[in-house]
Amino acid sequence: RLVRTISPPDKSYEEDPARMLRAIRAAARLGFAVEAETHEAILRHRETILRCPRARILEELLILFKYGSSERSLRLLWQYGLMEYLMPVHHAYLLRRECQPLEPPKQDVLFDLFAMLDMEQTHVEPPIFFALLVLPILIESQGADKHFLWLNRKPSILFSAAETVLDELTKSMDISKRHRARVVEILATQAKLILRQSHI
């Protein structure tokens, strides 16, 4: 029940930094631990993940978030220091939430959302992942409870804030314009549902 590289981990990650994401994927999906030497090598080489093309990072992350292991994957990205480079806006967000770098993170709405996603049995499209990544940042930026984010707020302001988060994510992963537009559609639908319920 240990994840380790076949070749020496430093050599393995120098050859292909994406293997760090695959180690996390195996650990998250199978519930295994990462062997100590492999773990330490990830910490040493984590910054090199940005050598990977943005399209490949996106592909690896989308696979990482599938198969009912997205919450654990996010936690391991934080714990192994990779979130700082792949999703710096979320790294900064968790620091503000008093999570300690390279330590198991505290519970947060970010992890709660992905835990709920892991309970879904159907295929989940990429824009859903991105919408869930955007939502906690929106909640924090608006100083709102997650149940009242849309109340008494102009949707255009929230959509602009969502685009800002997507701009940051696009620096490290290749999120298409089509997926970005779909994220805004998803958030808009959320707004309509909540606002309609508030008038019932």
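Buried means under 20% relative accessible area, exposed over 50%, and partly exposed in between, with a 1.4 Å probe and protein chains only. By that cut-off Phe129 is buried, at 2% relative accessibility. This is a predicted model: local features need pLDDT of at least 70, side-chain atom pairs count only at pLDDT 80 or more, and totals for chains, interfaces and linings use all residues. Residues are numbered from 1 along each chain as its sequence is written, and side-chain values use heavy atoms, leaving out hydrogens and water.

**Aromatic rings**

- The structure holds 2 aromatic pairs. Rings of Phe, Tyr and Trp (its six-membered ring) pair if their centres lie within 6.5 Å; planes under 30 degrees apart count as stacked, over 60 as edge-to-face and the rest as tilted.
- Phe65 and Phe114 form a tilted pair, 5.5 Å centre to centre with 45° between the planes.
- Phe65 lies in the loop between helix H4 (54-64) and helix H5 (70-79), and Phe114 in helix H8 (residues 109-118), so this pair ties together parts 49 residues apart in sequence. Helices (H or I, at least four residues) and strands (E, at least two) are DSSP runs, numbered from the N terminus.
- Phe65 is buried at 5% relative accessible area, and Phe114 is buried at 0%.
- The rings of Phe65 and Phe129 are also tilted, with centres 5.7 Å apart and planes at 40°.
- Phe129 sits in helix H9 (residues 126-142), 64 residues from Phe65.
- Ring pairs link Phe65, Phe114 and Phe129 into a cluster.

**Charge over a ring**

- The charged end of Arg75 sits over the ring of Phe111, 4.3 Å from its centre. The criterion is NZ of Lys or CZ of Arg within 6 Å of the ring centre and within 35 degrees of the ring normal.

**Helix H3**

- Thr38, Ala41, Ile42 and His45 are the buried residues of helix H3 (residues 36-45).
- They cover an arc of only 105° around the axis, which puts them on the same side of H3. The arc is that of the directions from the helix axis to the C-beta atoms.
- These buried residues pack against strand E1 (2-3), helix H1 (9-15), helix H2 (19-30) and strand E2 (33-34).

**Thr5**

- Thr5 is found in the loop between E1 and H1. Its relative accessible area is 16%, so Thr5 is buried.
- Thr5 touches Ser12, Tyr13 and Thr38, not counting residues up to four places away in sequence. Contact means heavy atoms within 4.5 Å.
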